[in-house]
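Please report on how the pieces of this structure pack together.

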Amino acid sequence: MDLCTPLSHEVLMLRAGDRVTLSGLVYTARDEAHIKMIEEGIPFDPHGAVIYHCGPVIQDGHIIAAGPTTSARMNSLSGFLIEKGVRALVGKGGMGRQVADQLKGRGVYLAFTGGCAALAASRMTLKGVYFEDLGMAEAVWAIELDRLPLVVGIDAAGNDLFEGVNRNAQSQFRKRFQAKKEMPA
Amino acid sequence: MIVSSDPALIDAITNATLEAFRQAQITLPPDVITALTNARERETSEIAKGELSNIIANLDMARSRSVPICQDTGVPIVYVTIPPDIPFTRDIYEAISAGVRQATKEIPLRPNVVDPLTRENSGDNTGVGMPAIHAKPGDRCTITVLPKGAGAENMSRIAMLLPSERDQIVKFVVETMLLAGGRPCPPVILGVGIGSTFDGVAALAKEALLGPIDCMTPFEEELLAAVNSLGIGPMGLGGNTTALAVKVRTGGCHTASLPVAVNVQCWACRRATVEVSY
């Protein structure tokens with residue numbers, strides 16, 4: 001499915017594991033920007049908005065490199081955004097159960113391939129900036145995307161692809177190593 | 001005998017350092033590209049294939065735009081070989097640091113190096129003991145760089161096992177990957193150090209990452225199969241390729257010790273060697 005911002009009810013139909021593209025305006029935010037938004041308010045219209053966990057490299061008004069950062073750092077900082085109408089969070093590595101619950105019936109988590117900074121930059125146009133005083137990596141950059149390829153990591157029904165993979169890895173590990181422990185020395 | 005403070009030699013070392021970083025940041029070594037391409041062929045899940053396709057498209061894009069592969073351009077790790085005709089002095093270290101500063105400005109690299117406690121950023125990727133320089137004698141003067149991103153480095157582990165726990169080595173390596181999950185940007189390459197001392201084993205694990213990943217010993221293959229059985233897959237989204245390779249380096253150790261270290265490397269295994277012409 002090709003998604004375009006602002007997002008609406010269409011995100012509720014997505015299922016964890018779906019491959020989608022995303023076009024339109026997104027806003028970057030890392031730890032510092034989340035804290036500042038909680039204290040001072042959201043500087044853009046949050047209805048149907050998309051947050052991208054990213055600290056880009058910007059040079060002369062152009063995006064040089066803009067891969068995703070680890071989303072889990074924002075696990076305890078994302079609830080207010082979802083409550084105000086944000087429909088999607090984009091990043092890498094997945095988020096916790098708390099965020100999966102907050103997204104229920106409201107929005108989705110979309111995973112972008114970690115390290116793909118050049119690919120991302122080639123699909124982006126810089127549109128503006130908020131909180132520039134936070135520095136390049138932590139500022140909120142308004143970026144227009146052109147069909148960024150993403151995977152639905154957490155859907156609006158609470159299904160979490162990362163959680164499933166992790167559970168399977170745990171059980172594979174136990175099968176391989178913990179059975180041996182039981183054996184008499 | 002050359003004088004190591006000779007401005008021409010200093011310049012040559014600085015330029016070789018800059019050139020090695022440029023190569024490493026913009027293109028991956030052929031063995032890593034081949035491993036990523038083969039992994040895409042092997043994967044059966046569409047999601048895993050898609051992640052690897054993004055990675056391969058990203059490599060093409062970085063090369064054609066001459067920009068870094070990843071925005072985390074890492075901390076500078078440098079291995080230098082000193083031939084018999086160059087005296088081993090502080091000037092060599094300073095020439096390498098100058099190369100790092102130049103690389104930061106020109107490529108450009110993200111300034112990542114900070115004071116560990118004040119967190120103040122030097123702005124040029126140098127600091128106390130940074131770049132991390134490892135010097136060894138050699139036939140020629142070469143500069144090898146291994147810029148290391150934090151996502152994968154942070155997942156690395158060390159253990160002081162008992163000599164009777166040799167069978168725990170595989171478990172420790174696999175457990176390191178289990179704890180890391182999707183966070184170090186898999187498919188990873190694991191550098192494993194076995195033996196030496198507490199500090200030495202970590203250095204061995206990192207040096208293991210310098211080796212080509214298209215040839216592995218039977219023990220390395222066994223470790224790789226065990227890691228891949230976890231099914232974490234590219235970016236932690238599930239799949240057959242959790243690791244592209246496992247590389248092991250060993251060193252002599254105390255009869256009462258069995259140090260083991262695992263240095264996790266993301267798929268962007270950036271390494272390059274440039275010979276210093278002087």
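The buried residues of helix 3 of chain B pack against elements of both chains: strand 2 (19–28), helix 4 and strand 9 of chain A, together with helix 1 and helix 2 of chain B. Helices (H or I, at least four residues) and strands (E, at least two) are DSSP runs, numbered from the N terminus. The model is predicted; local features need pLDDT of at least 70, side-chain atom pairs count only at pLDDT 80 or more, and totals for chains, interfaces and linings use all residues. Residues are numbered from 1 along each chain as its sequence is written, while chains are lettered from A and ligands numbered from 1 in the order in which they are written.

Among the buried residues of helix 3 of chain B are Ile47(B), Leu52(B), Ile55(B), Leu59(B) and Ala62(B). The list also includes Glu51(B), Asn54(B) and Asn58(B). A residue is buried if 20 or more other C-beta atoms lie within 10 Å of its own, exposed if 12 or fewer, and partly exposed in between, with C-beta atoms placed from the backbone. Ser66(B) follows helix 3 of chain B and has a positive phi, near 50 degrees.

Helix 2 of chain B buries Val32(B), Ala35(B), Leu36(B) and Ala39(B). They cover an arc of only 95 degrees around the axis, which puts them on the same side of helix 2 of chain B. The arc is that of the directions from the helix axis to the C-beta atoms. Exposed Pro30(B) and Glu41(B) sit on the face of helix 2 of chain B turned away from its buried side. Cover for the buried residues of helix 2 of chain B includes helix 3 (46–65) and strand 6 (243–251) of chain B.

Both helices have spans close to expectation, taken as 1.5 Å times one less than the number of residues.

| Helix | Length | Span, first to last C-alpha | Expected span |
|---|---|---|---|
| Helix 2 (chain B) | 13 residues | 18 Å | 18 Å |
| Helix 3 (chain B) | 20 residues | 28 Å | 28 Å |

Next, the sheets. One open sheet of chain B has 4 strands in the order 2-1-3-8, with mixed pairing. Two strands pair if DSSP finds at least two bridges between them. Strand 2 (132–137) and strand 8 (272–275) of chain B are at the edges with a single partner strand each, so one side of each lacks a neighbour in the sheet. The twist averages 20 degrees from one strand to the next. Strand 3 (142–145) and strand 8 of chain B pair in the antiparallel sense over 4 bridges. There, Thr142(B) stands opposite Glu275(B). Helix 1 (7–26) of chain B packs on this sheet, at about 35 degrees to strand 3 of chain B. Axes are lines fitted to C-alpha atoms, for helices over the stretch in contact, and angles run from 0 to 180 degrees between N-to-C directions.

Another open sheet of chain B has 4 strands in the order 4-7-5-6, with mixed pairing. Its twist averages 15 degrees from one strand to the next. Strand 4 and strand 7 (258–265) of chain B pair in the antiparallel sense over 5 bridges.

Finally, the interface. How many residues of chain A are in contact with chain B? The count is 34 residues of chain A against 39 residues of chain B. Two residues are in contact if their C-beta atoms, placed from the backbone, lie within 7 Å. Helix 5 of chain A gives the most to the side of chain A that touches chain B, with 11 residues.
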